[in-house]
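Student: I'm new to this one and would like a close look at a single part. Could you walk me through it slowly?

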Amino acid sequence: MYTMAGFSHAKPKPRSQKCSIPLTIVFIIKIFSLAALAEAYNNDQKSSTLATEPSISSACKATLYKTACESFLVSLETSTLPATPEELFDLSVQYTLKQAHSALNLASFLSLSAHNNNNSQAHLAPPGAMKDCIELLDDSLDQLSNVINRKKNHIQRHSDVQTWLSAALTSQDTCIESLQNKEANKKSNPSGRKLFAKGKNVMLVGDGKGKTVIVGSRNADDGWSTFQSATVAAMGDGFIARGITFVNSAGPQKHQAVALRVGSDKSVIFQCSIEGYQDSLYTHSKRQFYRETDIYGTIDFIFGNSAVVFQNCSIFARKPSSGSKNFVTAQGRTDPNQNTGISIHNCKIGSASDLAGSKITYLGRPWQKYSRTVIMQSFIDGSINPAGWHPWSGNFALSTLFYGEYMNSGPGGSTSGRVQWSGYRGTLTVAVAQTFTVGSFIDGNVWLPSTGVSFDSGLIG
């Protein structure tokens, strides 16, 4: 059965924050968890009495937002009650689709209203946040429509549906994050960024790393949201980049400053270089593959909530601002049913020349409650702190995250001094490690051959 059900990030990115967000937009994220009803309903075996209060409570017990779930079921007409778990699933997605349309219309109205009133309503509709939400909710609509139309389009793979649901929720989470980030709502001018919001199967081919270079300098300190700060952003499915260097030159003092943002399903970044400081690479959503690519950064410099595999890549921590630590990853899974996570396989992890001899770099920290990252069959140099992983704040997510390592080598590869969190899995079994490979985690055997990019489907050796 398909199952599904919030976002914070460093300066630091807050996990929760009170603000005057339009309630309709906020409510969308709760409604989306209704997709989890299908599994609960399947186990309940009381479809004929779904309208009764005990059955509704039982059907909703597995969801993260029980009140929203129960309200939805109570609102159904008896004549429209679903007879099967799949019908219930479809009904919940259709309802979510309608709510997403309402949220998009509201965001568009508030944005236009603020503009027509010379930004006098900017406190209700910050221009940067509204721009983000319009783009993100539009993407959520696309993903939910994919789910609704899966039978018509003869899509049978469970992983496709789970990817679309995960991405729809991630886009809505990002909208909420932008609305909450008061400091990064000053800019909304789209000029200066290469954005492929809808163009599918876009391919950018350069002359090689360091030869074809795309540079930008947008950053949080200058008023851009993290989402908007990207030098290059790709959202249309099937995006491929080869032989290009993507740079955000804002520097370590400017906080969030993305060089490349990718929210493209079945996307490939091959033989590229991604260079920034904090938040260099935003692997926003959907299935992604990086091969023979260099990534440079400081704080959370590989982050997002996609299902992504890095293979044969070189990952380098740079010198951060004074007194700061480095975190290679900050994965943002907000729901345990999302099929997202970061898999670093057969890569090299270490420090750039300006950080030689330091041990202020950690493999990752949990941006969200169900953060998931694995490092497998990779070389880790001695610049990585022996603890390996670092908390986000206090005990947040330490029991619900999933961090694991498998057959890593190098001076920093030993797990003997690693953290003792209950969510840290230490040395993964072969069977578990296999689930995070290209073939299993991102369905690479299905779509990567057509790209012409070499890949290893499973574990090495």
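Student: In what order do the strands of the open sheet of 9 strands follow one another, and is their pairing parallel or antiparallel?

Tutor: Happy to! This is a predicted model, in which local features need pLDDT of at least 70 and side-chain atom pairs count only at pLDDT 80 or more, while totals for chains, interfaces and linings use all residues. Residues are numbered from 1 along each chain as its sequence is written, and side-chain values use heavy atoms, with hydrogens and water left out.

The 9 strands of this open sheet run in the order S2-S5-S8-S11-S14-S17-S20-S22-S23, and their pairing is parallel. Helices (H or I, at least four residues) and strands (E, at least two) are DSSP runs, numbered from the N terminus. Two strands count as paired if DSSP finds at least two bridges between them. At the edges are strand S2 (203-205) and strand S23 (424-427), each pairing on one side only. Ignoring direction, neighbouring strands here are turned by 5° against each other on average; such angles run from 0 to 180 degrees between N-to-C directions, with axes being lines fitted to C-alpha atoms, for helices over the stretch in contact. Start at S2: 3 bridges pair S2 in the parallel sense with strand S5 (residues 240-242), and Met203 has Ile240 as its bridge partner.

For context, another open sheet holds 7 strands in the order S3-S6-S9-S12-S15-S18-S21, with parallel pairing. Strand S3 (213-216) and strand S21 (379-380) are its edges; each has a single partner strand, so one side of each has no neighbour in the sheet. Further in, strand S9 (residues 273-275) pairs with S12 over 3 bridges in the parallel sense, and Ser273 stands opposite Asp294. S12 (residues 294-297) is also joined to strand S15 (residues 314-317) by 4 bridges, again parallel. There, Ile295 is partnered with Ile315 and Gly297 with Ala317.

Residues in contact (heavy atoms within 4.5 Å) include Leu136 and Leu137 of H6, and Trp164 and Leu165 of H7.

A disulfide (a pair of cysteine sulfur atoms within 2.5 Å) joins Cys133 to Cys175, S to S 2.1 Å. Cys133 is in H6 and Cys175 in H7, so this pair ties together parts 42 residues apart in sequence. The link between Cys133 and Cys175 is right-handed, with 95° about the S-S bond.
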